[in-house]
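Please walk me through this structure, beginning with the ligand and its surroundings and then turning to the domains.

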Amino acid sequence: MISPRIEVDLSAIEHNARVLVTRLARRGISVTGVTKATLGSPDIAKAMIRGGVTRIADSRIDNLEALRDAGVRVPLTLLRAPAPQWADRAVACATSSLVSDADVVDALSAAAGKRAITHGVVFMVELGDLREGVMVADLVDVARRVSRTRHVTLAGIGTNLACRSGVVPGDDQMKELSALATTIGIRFGVSAPLVSGGNSANLTWALGRAPVGKVNDLRLGEAILLGIDPLTRTPIEGLRQDAFCVVAPVIESLEKPTEPWGLRGQGAFGAVAASRSRGTIVQTLVALGRQDVDPDGVTPPVGFHVLGASSDHLVLETPARVAAGTEVRFAVNYSALLRAMTSPFVAERLVHLPAGVAAGS
Ligand SMILES: *Cc1c(COP(=O)(O)O)cnc(C)c1O
């Protein structure tokens with residue numbers, strides 16, 4: 001079997017999507033499934049859709065195009081605003097885009113006009129994490145401008161927290177977003193606007209007791225894919241954490257000292273932390289490097305420890321020698337998942353398919 005590879009259990013993804021969709025539905029919140037950590041995998045998108053997500057979103061136009069080509073029919077949202085020069089491709093594959101700049105809206109309008117279609121825009125509001133979003137004081141003005149722009153409709157507003165600065169989404173920000181949605185709704189007659197409260201980091205708030213106000217959508221990637229809450233990186237109750245597994249073969253396993261010898265400068269990836277000598281150990285090399293995964297984000301089997309990594313080698317300490325060719329399985333965090341799914345060196349393999357679903361369908 002080809003390795004390195006990432007094994008994907010679609011039934012775990014479907015399960016996680018269904019649990020989150022069900023829990024959030026009780027709070028009046030729908031789920032947009034986010035596929036960007038999976039290179040826009042159509043199989044994974046379809047598993048999310050079977051689990052009940054109503055829309056799919058991705059940050060990359062290439063991924064949305066792949067989803068459309070693979071026959072994914074639900075509305076698609078472009079999560080990262082397109083540069084104006086990509087507007088034509090954006091309107092061709094996406095139903096709506098998250099935007100925060102009026103010039104981008106103009107470019108989307110021109111592109112949509114050429115195709116005689118209307119493109120939805122969800123205007124992002126900056127609520128403190130300092131990534132995308134217009135400042136609150138300017139929202140009404142830009143919304144007015146959008147509402148007067150032909151070939152686009154103001155589909156709603158949204159915000160994104162936690163990703164850049166780790167700002168925790170909570171009651172204060174969601175109340176502010178709700179109030180803004182009310183204002184926009186009244187001023188510009190947007191009926192039933194989408195109010196997209198954020199990403200997986202919003203789940204603790206969304207599944208808590210506080211009123212959700214007008215927030216009616218969350219964009220969820222990590223929570224569905226890995227079953228964990230990104231703010232604390234702890235498992236979400238009732239979700240599966242085993243949807244993904246990276247597998248790679250051993251290429252050397254030898255007894256070696258723990259201390260390097262010779263004059264030392266920097267390693268290939270910068271300064272190497274000093275280590276204490278622990279005598280001789282079994283050092284096992286796996287054919288998996290920084291080009292394949294984030295080595296800080298992989299968890300080896302019990303008893304194995306990651307000692308270091310370079311472009312192509314993962315250095316493990318193992319309790320005993322492991323025969324060359326033996327495959328070692330690793331759990332992955334979000335960073336390792338993203339790298340593995342987007343690396344040309346890591347094959348994707350679907351496992352444990354639910355009954356009645358053929359691979360690649
Ligand atoms: C990546 C992203 C998401 C999804 O984030 P997760 O933490 O994976 O749930 C949502 N919204 C935007 C704008 C994003 O870029």
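A polar contact here is a pair of N or O atoms within 3.5 Å; within protein, one must be able to donate a hydrogen and the other to accept it, and residues adjacent in sequence count only if both atoms are side-chain atoms. The model is predicted, and local features need pLDDT of at least 70, side-chain atom pairs count only at pLDDT 80 or more, while totals for chains, interfaces and linings use all residues. Residues are numbered from 1 along each chain as its sequence is written, and side-chain values use heavy atoms, with hydrogens and water left out.

A polar side-chain atom of R219 lies 2.8 Å from a nitrogen atom of the ligand, and a polar side-chain atom of K36 is 2.7 Å from an oxygen atom of the ligand. At G221 a polar backbone atom takes part, lying 2.8 Å from an oxygen atom of the ligand. The ligand taken alone exposes 380 Å², of which the protein buries 95% (accessible areas come from the Shrake-Rupley method with a 1.4 Å probe).

Around the ligand there are 14 residues, and the closest are K36, S200, R219, G221 and E222, where a residue is near a molecule if one of its heavy atoms lies within 4 Å of it. By class, this shell holds five nonpolar, four polar and five charged residues; Asp, Glu, Lys and Arg count as charged, Ala, Val, Leu, Ile, Met, Phe, Trp, Tyr, Cys and Pro as nonpolar, and the others, Gly among them, as polar.

The domain assignment, automatic or from a database, gives domain 1 (10-235) and domain 2 (244-351). Their centres, taken over C-alpha atoms, are separated by 36 Å, and twelve residues of domain 1 are in contact with eleven residues of domain 2, contact meaning heavy atoms within 4.5 Å.
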